Amino acid sequence: MALFFEDERISFRELDRLVNNLSAGLIGEGVRKGDCVATFLPDAMEIALSYYAILKVGAIHAPLDMRLKEEEVKLIFNDAKPAVVITTSQFQDMFLSMRAEIPSIKSIIVVGEEVKQGCKSFKEMRDKDSSRVIPVEVEDEDIALYLYTSGTTAKPKGVMVTFGSLDWFPKDMH
């Protein structure tokens with residue numbers, strides 16, 4: 001098994017297929033190397049699939065804590081400038097209304113059955129078989145992640161993590 005969460009299990013073959021489909025969907029939404037894709041998701045299989053798909057296309061993943069207040073999310077988005085937001089149906093209204101204030105948001109992808117007009121379905125994107133997406137070539141110094149603090153004592157602050165750092169982290173664990 002490549003991934004498991006609660007009762008869900010995904011083999012390496014299935015992981016490859018689902019990440020490929022999501023990567024193709026992100027490319028279809030205009031995501032390119034160096035673009036930011038924010039996730040506002042609970043701990044679930046979708047966060048892992050999103051992470052791999054975002055990095056496969058050479059984009060920057062900005063995972064956000066779902067406990068952030070709307071004003072904190074806006075501060076982060078004004079800094080990170082995400083082109084795409086992946087969230088749940090519970091929060092799609094918040095991001096739809098944010099689009100007017102945060103012009104970088106071009107697409108909102110929704111996990112869940114209720115997908116409102118102006119949003120795309122995560123499930124449809126994940127399940128739509130696509131031709132093979134070749135991973136985008138990245139350099140060690142290219143940014144892979146924007147990680148933000150919760151801003152409990154001040155405004156949220158971001159840290160940039162490079163692809164090179166992602167490569168070294170597991171090696172440093174030994």
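# Chatting through a predicted fold

User: Hi! How much accessible surface does the protein chain have, and what share belongs to carbon and sulfur atoms?
Analyst: Hello! The accessible surface comes to about 9,900 Å² for the protein chain, and carbon and sulfur atoms hold 53% of that. Do keep in mind that this is a predicted model.

User: Thanks. What does the secondary structure come to?
Analyst: The protein chain has six helices and nine strands.

User: And how does the radius of gyration sit against a compact globule?
Analyst: It agrees: the protein chain has 16 Å, and a compact globule with 174 residues would have a value near 16 Å. Along the principal axes, the C-alpha trace spans about 40 × 40 × 30 Å.

User: What percentage of the residues count as buried?
Analyst: That would be 45% of the 174 residues.

User: What about contacts, how many of them join residues at least 24 apart?
Analyst: Taking contacts between residues at least 6 apart in sequence, 61% join residues at least 24 apart.

User: Switching to charges: how far apart are the mean positions of the positive and negative ones?
Analyst: They are 3 Å apart, with 21 positive and 28 negative charges in the protein chain.

User: Now the rings. How many aromatic pairs does a search of the whole structure find?
Analyst: The search gives four aromatic pairs. One of them is F40 with F95, an edge-to-face pair at 5.4 Å centre to centre and 75° between the planes.

User: What does that F40 and F95 pair tie together?
Analyst: F40 is in strand 3 (residues 36-40) and F95 is in helix 4 (residues 92-98), so the pair ties together parts that lie 55 residues apart in sequence.

User: Are F40 and F95 buried or exposed?
Analyst: Both F40 and F95 are buried. They also belong to a cluster, in which ring pairs link F40, F77, F91 and F95.

User: Nice. How is the pair of Y51 and Y52 arranged?
Analyst: Y51 and Y52 are edge-to-face too, with 5.3 Å centre to centre and 75° between the planes. Y51 is partly exposed because its relative accessible area is 25%, between the 20% and 50% cut-offs. Y52 is also partly exposed, at 39% relative accessibility.

User: Where is E6, and what is its phi?
Analyst: E6 has a positive phi of about 50° although it is not a glycine. E6 is in the loop between strand 1 (3-5) and strand 2 (8-10). At 64% relative accessibility, E6 counts as exposed.

User: Last topic: P63. Where is P63 found, and what is it in contact with?
Analyst: P63 is in strand 4 (residues 60-63). Leaving aside neighbours within four places in sequence, P63 is in contact with T39, Y146 and L147. P63 is partly exposed, with a relative accessible area of 27%.

User: How far apart in space are P63 and F163?
Analyst: They are 16 Å apart, C-alpha to C-alpha, and 100 residues apart in sequence.

Definitions and conventions
Residues are numbered from 1 along each chain as its sequence is written. This is a predicted model: local features need pLDDT of at least 70, side-chain atom pairs count only at pLDDT 80 or more; totals for chains, interfaces and linings use all residues. Side-chain values use heavy atoms; hydrogens and water are left out. Helices (H or I, at least four residues) and strands (E, at least two) are DSSP runs, numbered from the N terminus. The radius of gyration is taken over C-alpha atoms; the globule rule is 2.2 Å times the number of residues to the power 0.38. Buried means under 20% relative accessible area, exposed over 50%, partly exposed in between (1.4 Å probe, protein chains only). Contact means heavy atoms within 4.5 Å. Accessible areas come from the Shrake-Rupley method with a 1.4 Å probe; for residues, only the protein chains shown count as cover. Lys and Arg count as positive and Asp and Glu as negative; His and the chain ends are not counted. The place of a charge is taken as NZ of Lys, CZ of Arg, CG of Asp or CD of Glu. Rings of Phe, Tyr and Trp (its six-membered ring) pair if their centres lie within 6.5 Å; planes under 30 degrees apart count as stacked, over 60 as edge-to-face and the rest as tilted.
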